Protein chains: 2
Amino acid sequence: MMNYENILREHNLKATNQRVGILSIMEQKGHISIEDLYSKIKLDFPSISLATLYKNMHAMLKNELLTEIKVENSKTHFEIASNNHAHLYCEKCRELVDLDIEFKKLNNEILKDSGFLLNKTNLTFSGICIACQGV
Amino acid sequence: MMNYENILREHNLKATNQRVGILSIMEQKGHISIEDLYSKIKLDFPSISLATLYKNMHAMLKNELLTEIKVENSKTHFEIASNNHAHLYCEKCRELVDLDIEFKKLNNEILKDSGFLLNKTNLTFSGICIACQGV
DNA sequence: TTATAAAGGAAAAAAATTATCCTTAACGAA
DNA sequence: TTCGTTAAGGATAATTTTTTTCCTTTATAA
């Protein structure tokens, strides 16, 4: 388990108990929606306000401690920021899975073709995972 | 300009004037948010209800006449379905641009690595477009 | 034509997100 | 440690976005 107090401070954010709680749930879960996060964090902080949760998510997104994942037909999910990677989304069980991919080649191609100054590559594959194919 | 009456019927949807209006705006615009689409379609159908717009977007998404594009820090956009392609999103002018990419190699790799039964590849690059780099 | 099933529109309801305002807590400086 | 400042928390209301309901109107096939 990571030391979220320090990570928060390194990102110029006060290390509040609520934020540490949010981050440790996120570490456990990998990817999570606001809705699920709220019901989980309320177990540790019964009085936490949904507004607080939203404010924290925005603050942590802005300071690049979190990343937002948007997938078709699914609620926005969040994850702790790390190396840029792809996601696999199962349309059946609605689970998100990380997938490490080498973006360099792809990004260079885009840069060459479009002249875009690339900031982030967002790659999500939707389909049916192995487990759900059997069912 | 395409014949939207027929396209709608081919997708098992009634060809209403409102739907044809929506589709012709979408053809013009390429990518559009509900908000922008609503203000445009109201010029042609002043009494159209926002609920009608949402209901139509859902119906057309479900019947695969439209596609949804979700990008970080941006509202959901819609486009008329066509060959699977990538998108470039400029964080400055907030414009979306199509980018034709060959997904076969990428998709085969994913299939091999994950066993996923792929349905759709969603690829969006965020950054600054050439025009906005100069500013 | 005409029957019927689907779509439109108005309004309300629900869900998601953001703002306001006062209280509380984090944290650097003394 | 204590204290002062500033940011964060929490309750609530307000917005914004999306969905539902219910009745009227329209598209389409017989």
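Predicted model: local features only at pLDDT ≥ 70, side-chain atom pairs only at ≥ 80, totals over all residues.
How do strand β6 of chain A and β6(B) pair, and over how many bridges?

Residues are numbered from 1 along each chain as its sequence is written, chains are lettered from A and ligands numbered from 1 in the order in which they are written, and side-chain values use heavy atoms, with hydrogens and water left out.

**Exercise 1. Describe the strand pairing between the two chains.**

Solution. Step 1: identify the strands; helices (H or I, at least four residues) and strands (E, at least two) are DSSP runs, numbered from the N terminus. Step 2: apply the pairing rule, by which two strands pair if DSSP finds at least two bridges between them. Step 3: strand β6 of chain A, residues 117–128, pairs with β6(B) in the antiparallel sense over eleven bridges. Step 4: locate one position of the pairing, where L117(A) stands opposite I128(B).

**Exercise 2. Characterise the contact between chain B and chain A.**

Solution. Step 1: count the residues in contact (heavy atoms within 4.5 Å). Chain B and chain A each contribute 34 residues.

Step 1: consider the area. The size of an interface is often given as the accessible area lost when the parts come together. Here buried area is the accessible area (1.4 Å probe) that two parts lose on being put together, summed over both. The two chains bury about 3,000 Å² between them, with 61% of it on carbon and sulfur atoms. Of the area that chain B buries against chain A, K70(B), E72(B) and F116(B) supply 23%, more than any other three residues.

Step 2: look for salt bridges (a side-chain nitrogen of Lys or Arg within 4 Å of a carboxyl oxygen of Asp or Glu). The rule finds two across this interface. K120(A) forms a salt bridge with E72(B), and their closest N and O atoms are 2.9 Å apart.

Step 3: count polar contacts. A polar contact is a pair of N or O atoms within 3.5 Å; within protein, one must be able to donate a hydrogen and the other to accept it, and residues adjacent in sequence count only if both atoms are side-chain atoms. Between chain B and chain A, 20 residue pairs are in polar contact, both residues being at pLDDT 80 or more.

Step 4: assign the chain B side to its elements. Two or more residues come from each of β2 (66–69), β4 (86–90), α5 (104–114), β6 (117–128) and α6 (130–134) of chain B. With twelve residues, β6(B) gives the most to this side. The side divides into 16 nonpolar, 13 polar and five charged residues, where Ala, Val, Leu, Ile, Met, Phe, Trp, Tyr, Cys and Pro count as nonpolar, Asp, Glu, Lys and Arg as charged, and the others, Gly among them, as polar.

**Exercise 3. Which residues come nearest to DNA strand D, and which come nearest to DNA strand C?**

Solution. Step 1: a residue is near a strand if one of its heavy atoms lies within 4 Å of it. Step 2: for DNA strand D, 21 residues lie around it, and T16(A), Q18(A), K55(A), Y54(B) and H58(B) come nearest. In DNA strand D, 73% of the atoms within 4 Å of the protein belong to sugar or phosphate, and the rest to bases.

Step 1: examine individual atoms. The side chain of T16(A) places an N or O atom 2.9 Å from a phosphate oxygen of DNA strand D, whereas a polar side-chain atom of K14(A) lies 3.1 Å from a base oxygen. The most residues of this surface, five, come from α4(B).

Step 2: for DNA strand C, Y54(A), H58(A), T16(B), Q18(B) and K55(B) come nearest. A polar side-chain atom of H58(A) is 3.0 Å from a phosphate oxygen of DNA strand C, and one of T16(B) is 2.9 Å from a phosphate oxygen. Here α4(A) gives the most residues, five.

**Exercise 4. Give the strand order of the open sheet in chain B and explain its edges.**

Solution. Step 1: the three strands have the order β1-β3-β2, with antiparallel pairing. Step 2: β1 (32–33) and β2 of chain B each have a single partner strand, so one side of each is left without a neighbour in the sheet. Step 3: two bridges join β1(B) to β3 of chain B (residues 77–80), and S33(B) stands opposite H77(B).
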